[in-house]
Amino acid sequence: MSGAEPAFVPAARPVIGDDEIDAAVRVLRSGSVVQGPEVAAFEQEFSALVADRHCVAVNSGTSALHLALLALGIGSGDEVIVPSFSFAATANAVRLVGAEPVFVDIDPDSFCVDPAAVEAAVTARTAAIMPVHLYGHPAAMDEIVAIAAKHGLAVVEDAAQAHDAALNGTPVGAFGAAACFSFYPTKNMHALEGGMVSTPDAETARTLRLLRNQGMEQRYANEIVGANMRLTDVAAAIGRVQLGKLAAWTEQRRANAAFLDANLTGVVVPPVAEGARHVYHQYTIRVADRDAAQKALAERGIGSGVYYPTPIHRLKPFWEPDQKINRQWDLPETEKAAAEVLSLPVHPSLSQDDLERIVTAVNALGEQR
């Protein structure tokens, strides 16, 4: 009698354990469930991850990007330089404040924005640069910050995938005028849903708190036009539990990535820039025939993902000819990456057997050519 088929190895696996459940129940029983003490504690504790900057919790990573741009005064008539190789939220946030995204190409190794392309894209209308720390690899922040200083621009880090990443000892989230994190369930840590903005400036932090809460700090004393983008205390309590586990999970992701680096053959494994601390939200390889590769991996019980198959500049909201600005973007590295990238499981729930199965399945791709 043959043994059971091995379990399918998913590309991502959100962790929701007894600690998270107990935290949620504790808050529900407390009766204080929205924008209360758990949110304040989460903000304070997360600050330690970003060089003790001010932290403001909101209801999603997209809200974090949106409110960060608003708090910095970016709006109609402004341009914001962004990579096209990212999730649509990066550019959506720019449009939501009335500004225009200017798409630039990426570095082929890190998949993050190319500083030379950023420099070339600066115009008189440029107000900010929004680098994305894609897949958990920090962007070339030293160069980007220098470009921003030279031209008097704000830097807003999209750190949605990069909790606990760093560059030359400086944590991601501590470079720009603002930085934005996501706590979506598949991220390196989550709160079921939520986001965080970090900033070095106390006044910007206060503006963010007003913007997330209908423009008021004290009830019915509205100071500016704001929205309801508050984080619940249930989400914050879950986030606090996850934050306490992040360091160990990060090291497990990095160990899993090191095993894949050492044992995969016939594919391009993700390079890591000198001085970069990669936290492997995704472990992304390049393959020539991606559809065939995904099918072959699935047949062996290995999940995978494509992040992202369509660059933002080719998505309908940013490509239609009747848009206010519809440039003919020349982004060859972006187009190449969108056609080749494939993300393998690297999450901390993987067992050693899972890792060996991933290696066997991926290495078999080359043997089948």
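The largest cavity has a volume of about 50 Å³, the volume being the space filled by probe spheres set on grid points that are joined across faces, edges and corners. A cavity here is a set of points, on a 1 Å grid over the protein atoms alone, where a 1.4 Å probe fits but cannot get out, and lining residues have an atom within 4 Å of a point. The model is a predicted one, in which local features need pLDDT of at least 70, side-chain atom pairs count only at pLDDT 80 or more, and totals for chains, interfaces and linings use all residues. Residues are numbered from 1 along each chain as its sequence is written, and side-chain values use heavy atoms, with hydrogens and water left out.

In total, the structure holds two cavities of 30 Å³ or more. Residues lining the largest cavity include Asp-109, Phe-111, Tyr-135, His-137, His-278 and Gln-282.

Turning to the fold, seven strands form an open sheet of mixed pairing, in the order β1-β9-β8-β5-β4-β2-β3. Strands (E, at least two residues) and helices (H or I, at least four) are DSSP runs numbered from the N terminus, and two strands pair if DSSP finds at least two bridges between them. Because β1 (54-58) and β3 (100-104) stand at the edges with a single partner strand each, one side of each is left without a neighbour in the sheet. Within the sheet, β4 (residues 126-129) and β5 (residues 154-158) run parallel and are joined by two bridges; Ile-129 stands opposite Val-155 in β5.

Technical notes
1 Å grid on protein atoms, 1.4 Å probe; cavity = no way out; pocket = protein on both sides within 12 Å on 5 of 7 lines; lining within 4 Å.
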